[in-house]
Amino acid sequence: MVYAAGGRAPFGQDSAPLVMHRVLNLEPDLGPLDGALRDLVSACLAKDPRRRPSARHLLDRLLDLPAAPAFCPLPPPAPPVSGEQTIVPPPLKEPGTGLTRRRALGALGAVLAMTAGSGGLMLANRPDGPPDLPGLEGGLVPDPGGPVELTSYTDSAVGHAYVADRRSGAFERTRYWLAVVSPKRRYVAAVPTMPENTRHLNVLDRDTRREQTVDLGRRFMAPQWAPGGGRLLVTLLDEEDLTRATGFAIITVDGDRHRITPVPVNEPTVGWLRWRLYPGAFAWDRQGKGVVAASLEGNWPDKRLTRYDLTGRPLASLPPTGPNVGTPYSPDGRHLAVQHELAESDGGSVRIYDPKGGLVRQLDLPAARLAGWYDATHVIVYTFSGDTGQTRVVGIDGTPGRVLITNGGKPQIWNLTPYFSPRIA
């Protein structure tokens, strides 16, 4: 409404960090708005939520209904009281000069649109308490003592990423398809659409509220932060065949600066015909000193993991295990977990191996999809059966553990893509 009246937004319309700074710290520029309409808009944009009018009183004033008692400045803080408190806007200054019903309804729509929430990467806080998971008919099961915590997730059914606020833990929807939080929570790497359909990503520095665009110049997938943070790994794709990777890139992030190091790989070969094993998605090894990737050739259970150094040179290839999902190595490096069979509605399995490729255990769960490691002896899997989906902990010995996420509304196997980070003490 402010923009429609004066041709400029109340907090500017340049970069998202600057706009958010003004929203939090400066008064709005209301331009040519005056009279009753200016008073109403000013009340709606008050920094303190207790100064803002309720929706009912806002509608009453816009429709010229009898006004409630005049709005007064906020009194000094008082002891908490039970019940609800309603703050109303100031009365119209002159009888007979009220808004028409048509103008009032239009103004109401504009005010509500302004307060509907942003679609960017800047995230608002919510009241304290266990956060729900927007987009899902379920929620996050509290696990205050757990070694990991959910920091973002993608609702794949609608293609929106949600990120947890650093202070409140509440999840807010972003305008991105995928968002991954760094281990120390400072940076968020966000992709505007499915990664293989774009050539750039955005990195938000939450300390400075600055956002930078990283142009990779080619299609990519699977962004993943290094264990220590500060470095982002992405898989570079063949422009002619997006099912194959040609290498990886390491993006080193330092505040509002970044450096891209593209690394082509030398594909390992097998057999006397020297059949090339083209890699799939790359992932960091346990210490962030190298990367691993599964070959794309062969049947699903026949895929093998190959370790590479950071120059792209193959170091070792394990016997056929299965494709990696995220970081396959356990936190102590004594086991690795892979998606042995594709998760379908009637089945799916996760296999646990030792570092040399020896099978330790196969976890046969209903539509099991591997989501990563919980601790050194437990993995996180997403399963669904009937009308119920769960993200839960399972021991490498097959013992079911605690449920981390419930999802009862749309439990299709690819509906939820969760991203967990090590808990910060």
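**Close-up views of a predicted model**

View 1. Leaving aside residues up to four places away in sequence, Thr151 is in contact with Tyr162, Val163, Ala164, Phe171, Val181, Arg185, Tyr419, Phe420 and Ser421. Thr151 belongs to strand β2, which spans residues 148-155, and one of the residues it touches, Ser421, is also its partner in a side-chain polar contact of 2.9 Å. The relative accessible area of Thr151 is 5%, so this residue counts as buried, given that the term applies under 20%.

**View 2. Strand β10 and its pairing with β9 and β11.** Strand β10 covers residues 231-237, and because six of its seven residues are buried, the strand is largely enclosed by the rest of the structure. Strand β9 (residues 220-225) pairs with β10 in the antiparallel sense over four bridges, while β10 and strand β11 (residues 245-254) are joined by seven bridges and likewise run antiparallel.

**View 3. The hairpin formed by β9 and β10.** Five residues lie between the two strands of this hairpin, and in the turn Gly229 adopts a positive phi of about 80°.

**View 4. The open sheet of strands β5, β6, β7 and β8.** These four strands are arranged in the order β5-β6-β7-β8, with antiparallel pairing. The edges of the sheet are formed by β5 (178-181) and β8 (210-215), each of which pairs on one side only, and from one strand to the next the twist averages 20°. Within the sheet, strand β6 (residues 187-191) and strand β7 (residues 200-205) run antiparallel and are joined by four bridges, with Tyr187 standing opposite Asp205 of β7.

**View 5. Two separate nonpolar cores.** The largest nonpolar core comprises 17 residues, and those with the most contacts inside it are Leu201, Val203, Leu216, Phe220, Trp225, Val234 and Ile251. Two or more residues of this core come from each of the elements β5, β6, β7, β9, β10 and β11.

How values were computed:
Residues numbered from 1 in each chain as written. Predicted model: local features only at pLDDT ≥ 70, side-chain atom pairs only at ≥ 80, totals over all residues. Heavy atoms only, no water. Buried < 20%, exposed > 50% of the residue type's maximum accessible area, 1.4 Å probe, protein only. Pairing = 2+ DSSP bridges. Axes fitted to C-alpha atoms, helices over the stretch in contact; angles between N-to-C directions. Core = buried A, V, L, I, M, F, W, Y, C linked by side-chain atoms within 4.5 Å. Polar contact = N/O pair within 3.5 Å; in protein donor to acceptor, adjacent residues only side chain to side chain. Contact = heavy atoms within 4.5 Å.
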